[in-house]
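Please find below a colleague's note on the structure shown here. The points are numbered so that each can be taken up separately.

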Amino acid sequence: MVANCAPTPKDYRNMGIEISRLRRQFGTFVALDDVSLSIGDGEFVAVLGPSGSGKTSLLRILAGLDQPDSGSVFRDGQNLLALDARRRGVGLVFQHYALFPHMTVAQNVAFGLRVRPWRLRPKAQMIKTAVEELLCKVELEGLAGRYPSQLSGGQRQRVALARALAIEPRLLLLDEPFGALDAQVRVTLRGWLREFHRSLGITSLFVTHDQDEALEMADRVVVMNRGRIEQVGTPEQVYRQPATPFVSRFIARGQSLPGEVRGQHLHLFGHAWRIENPAVVDAHEVAVHVRPEDIVPAVTPGDGLKAQLLSLRHVAGSVRASLRVENWDQPLEAHWSERDWARYSGATDDGLGIHLQAVTVFAADREGRVHMRSTVHPPSASAPVAVGPWRRIEA
Amino acid sequence: MATALDAALGGGPLMAAVAAVVSIGRPAWPTRIARVALVLAALTVLGWLMVLPLLAIFAEALRHGLAFYLQAIREPDTLAAVRLTLTVAAIAVPLNMVFGVAAAWSMAHFEFRGKTWLGALIDLPFSISPVVCGMVLILVYGKDGWLGSWLEAQGLQVIFAMPGLVLATVLVTLPYVARELIPLMQAQGSDQEEAALTLGASGWQIFFRVTLPRVRWALLYGVLLCNARAMGEFGAVYVVSGHLRGLTNTLPLQVDQLSQENFSAAFAVASLLALLTVLTLGIKRLVEWRHGGELRANT
């Protein structure tokens, strides 16, 4: 999808970034609390979290627009925090683009080159060539003479990207890159940006509050909450093996269940399942989560947990059901494929039977830190029992 | 519908006019009458208070013929007053421009303790009587003032001299540029400046290439207002000037003195001052007309 532009080989000299123990506090609000993270060469990392989770603070510190209270950031052994934002070589794309409205597209893109000190400034002709090349890369060749106000949101976003790339940054930061776009353009640009990153290979970090965006685009996802990193992992890892109840809720739409651990057993809805992991047994506090897709209708009528169907929505190939399970007043959300739902016909006005295919047990210690995670597959699903924390043991 | 609302609101022409704002389609005739009446009232007040006196100045100034008019203006003391007024404005306005931009920049881009206080302080000259401003200057810089004797020892006379006139004018016109820029720059935020910074621009480059182009018309507007006020300032300048003809009399003071001796000459000089003001207003209107969109904070 990325256009075939005259390829001038560019040396983006990608380096690894080592962030360690960053802390930033605004008054009593802790924006970053002991944040450590390594980013590899050419990696595409998403920082995902709700608003106020500290993701933008992290971005601003990396860009040099803010200084942490403590902690360090090294790029290939060089202390990044000691460098002024001007000299960091970090490209930043703002959520609302922050294009210069009084300059044309070409002038916007050329800005980073034109403001260089006299000795380092490329010749006018070279700047012109570089701008043309960049505009070609972001597929805006014909729009060099336009002003930002004459462009669509998606086009402005790509101008902002070209402008940031003009300084040949060693790290590209994107703040909610699609936050101000409408849903259609957003989905199109996601794939485009993913491909674009592949073709450049430049180390990139983008901040988003949109789970789909993060999981679809990034090599690795950093999930943040209240200034802390909850989990770092591939999109598959954070979905399949959420480290904390927060990640489970935020990424996998995990829903709380009224489970209790007594002795060696998890007690849930009047059933008891054996837990193999001793650490869970000793836990101070336990959270039990189930994902919408792990709630399946029982094929045999009368089988499984009794549940009431509160509502049913058909959303483009999938069925979303709201259920109320006996003896539990919180409605549960279940997702099935249209095909599975068609195959199942056991729902009556009285309700239906459901099975929980997998529930995840999080065990927290006295300080509230999760020290053990365990996924229990109730026997009805005839699946192997998986025991955490981060690997599966076939039982 | 308008009449129904009119009745509901208790009737009366004012209510009818209010109703006219919300009515759709052709309004009922009481509403139309109220509308015309309100516009006429506004025009009448403006006509009697502003247009008529302005015309009167020029009529009075030219009553004894053009020759007399030119002679009155060519009077050496008057020419000195013109020169002084222009000099004071030429010093005070750039000073306030720099101050206004600096104040607006810090209000828009920095978070600091006492920011709201700075905002209130900038507005202070709007609410204090200019005479008080002048008195304060005498208190500080006058012969027996806190700094006056020390300054005199350095051979620098502030009060009853040019520096005092400049100080008084700067003080009175302090808010004009800053007040024009602060809301605009605050609404624009810091994103573009930060973008420029990450692209490698220096502080001056950011200011001249990013910030200034975006606020230039508001800045010009503020400077014009500031200039009009600086040239017309009377109260504060009156207190610190000492009224030495040909030396410390600015145009407004010259008009004041002349009006006690030679009424026609006073009007001739006053017409000069009015002309300067009208000119400024004309440029201001032109700026508003051409760049009105940019003056509003939502750009």
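Predicted model: local features only at pLDDT ≥ 70, side-chain atom pairs only at ≥ 80, totals over all residues.

1. Chain A contains 10 helices and 22 strands. Of its 395 residues, 40% are buried. Among contacts in chain A between residues at least 6 apart in sequence, 63% link residues at least 24 apart.

2. Chain A is divided into two parts by the domain assignment: domain 1 covers 17–240 and domain 2 covers 254–381. Taken over C-alpha atoms, the centres of domain 1 and domain 2 of chain A are separated by 39 Å.

3. The contact between the chains draws on 17 residues of chain A and 15 residues of chain B. On the side of chain B that touches chain A, helix 11 (191–198) and helix 12 (203–232) each supply at least two residues. Helix 11 of chain B gives the most to this side, with seven residues. By class, the side of chain B that touches chain A comprises seven nonpolar, five polar and three charged residues.

4. Helix 2 of chain A (residues 105–114) deserves a separate remark. It is largely enclosed by the rest of the structure, because eight of its 10 residues are buried. The buried residues are V105(A), A106(A), N108(A), V109(A), A110(A), F111(A), G112(A) and L113(A). Their cover includes helix 3 (124–137) and helix 4 (153–165) of chain A, together with helix 11 of chain B.

5. Two residues call for a check of the backbone. Most residues other than glycine have a negative phi. R253(A), however, has a positive phi, near 50°. This residue lies in the loop between helix 8 (245–252) and strand 11 (255–257) of chain A. R253(A) counts as partly exposed because it has 16 C-beta neighbours inside 10 Å, whereas a buried residue would need 20 or more.

6. Where does F160(B) lie in chain B? Its place is in the loop between helix 8 (148–153) and helix 9 (162–172) of chain B. The phi of F160(B) is near 65°, again a positive value in a residue other than glycine. With 18 C-beta neighbours inside 10 Å, F160(B) is therefore classed as partly exposed.

How values were computed: Residues numbered from 1 in each chain as written. Chains lettered and ligands numbered in written order. Helix = DSSP H or I, 4+ residues; strand = E, 2+ residues; numbered from the N terminus. Buried ≥ 20, exposed ≤ 12 C-beta atoms within 10 Å, placed from the backbone. Contact = placed C-beta atoms within 7 Å. Nonpolar A, V, L, I, M, F, W, Y, C, P; charged D, E, K, R; others polar. Domains from an automatic or database assignment.
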